[in-house]
Amino acid sequence: RKKGFAMKKVIIASVMAIGLAACGGGGGDKAALVKACLADGDGTQKQCDCMADTFVKDLDPKVLKVIVEASKAEDSEAVIMSKMGELEPAQLQSMMTVMIGAAGTCGMEM
């Protein structure tokens, strides 16, 4: 039961990250994350900057790449689910830890 609950948390965290990374474009990963966060109404400028800074600084580069790639896809959930299989368990655990920690630190809900 705990394993299923943990996977559900990973999926929820991934979907949140996709929402934050929904816009690509110039200015790098941070700018795209902030722009998408603000466009989606997920937080204030300060909260979105905080989340983006944390994601770029603390997420494994491969994990960040997967999130950005999925955000550009028509069916982002399907892409993230297929790409998550390419990640190591430690990368998935780290992703959850970073995202949940960032949400708490930055004053955003998950």
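Q: Where do I start? How many helices and strands are in the chain?

A: Start with the secondary structure. This predicted model has six helices and zero strands. Along the sequence the pattern reads α-α-α-α-α-α.

Q: What share of the residues is buried?

A: Of the 110 residues in the chain, 41% are buried.

Q: How do I read contacts against distance in sequence? What percentage join residues at least 24 apart?

A: Take the contacts between residues at least 6 apart in sequence. Of these, 61% join residues at least 24 apart.

Q: Now the core. Which residues have the most contacts inside the largest nonpolar core?

A: They are Met51, Phe55, Leu59, Val63, Ile67, Met95 and Met99. The core has 22 residues in total.

Q: Next, covalent links. What is a disulfide?

A: A disulfide is a covalent bond between the sulfur atoms of two cysteines. Here the count is one. Cysteine 50 pairs with cysteine 106, and their sulfur atoms are 1.9 Å apart. That falls within the 2.5 Å cut-off for a disulfide.

Q: Which parts of the chain does the pair link?

A: Distant ones. Cysteine 50 sits in helix H3 (residues 45-58), and cysteine 106 sits in helix H6 (residues 89-106). The two cysteines are 56 residues apart.

Q: Is the link of cysteine 50 and cysteine 106 left-handed or right-handed?

A: Left-handed, with -75° about the S-S bond.

Q: On to charged pairs. How many salt bridges does a search of the whole structure find?

A: Three. One of them joins lysine 30 and aspartate 53, with the closest N and O atoms 2.8 Å apart. Lysine 30 lies in helix H2 and aspartate 53 in helix H3, so this pair ties together parts that are 23 residues apart in sequence.

Q: Which residue forms a salt bridge with aspartate 58?

A: Lysine 57 does, with the closest N and O atoms 3.3 Å apart. Compare the accessibility of the two partners. Aspartate 58 is partly exposed at 36%. Lysine 57 is exposed at 64% relative accessibility.

Q: Which residue forms a salt bridge with glutamate 86?

A: Lysine 83 does. Their closest N and O atoms are 3.8 Å apart, and the cut-off for a salt bridge is 4 Å. Glutamate 86 is partly exposed, at 43% relative accessibility.

Q: What does the side chain of glutamine 91 reach?

A: Look for polar partners. One is the backbone nitrogen of glutamate 88, at 2.7 Å. Another polar contact goes to the side chain of aspartate 60, at 3.3 Å. Leaving out residues up to four places away in sequence, glutamine 91 touches Asp60, Lys62 and Val63.

Q: One last residue. Where is leucine 38 found, and which residues is it in contact with?

A: Leucine 38 is found in helix H2. Setting aside neighbours within four places in sequence, leucine 38 contacts Gly43, Thr44, Gln45 and Cys48. Leucine 38 is partly exposed, with a relative accessible area of 33%.

Q: What separates the C-alpha atoms of leucine 38 and aspartate 49?

A: A distance of 9.4 Å. Leucine 38 and aspartate 49 are eleven residues apart along the chain.

Definitions and conventions. Residues are numbered from 1 along each chain as its sequence is written. This is a predicted model: local features need pLDDT of at least 70, side-chain atom pairs count only at pLDDT 80 or more; totals for chains, interfaces and linings use all residues. Side-chain values use heavy atoms; hydrogens and water are left out. Helices (H or I, at least four residues) and strands (E, at least two) are DSSP runs, numbered from the N terminus. A nonpolar core is a set of buried Ala, Val, Leu, Ile, Met, Phe, Trp, Tyr and Cys residues joined through side-chain atoms within 4.5 Å. Buried means under 20% relative accessible area, exposed over 50%, partly exposed in between (1.4 Å probe, protein chains only). A salt bridge is a side-chain nitrogen of Lys or Arg within 4 Å of a carboxyl oxygen of Asp or Glu. Contact means heavy atoms within 4.5 Å. A polar contact is a pair of N or O atoms within 3.5 Å; within protein, one must be able to donate a hydrogen and the other to accept it, and residues adjacent in sequence count only if both atoms are side-chain atoms.
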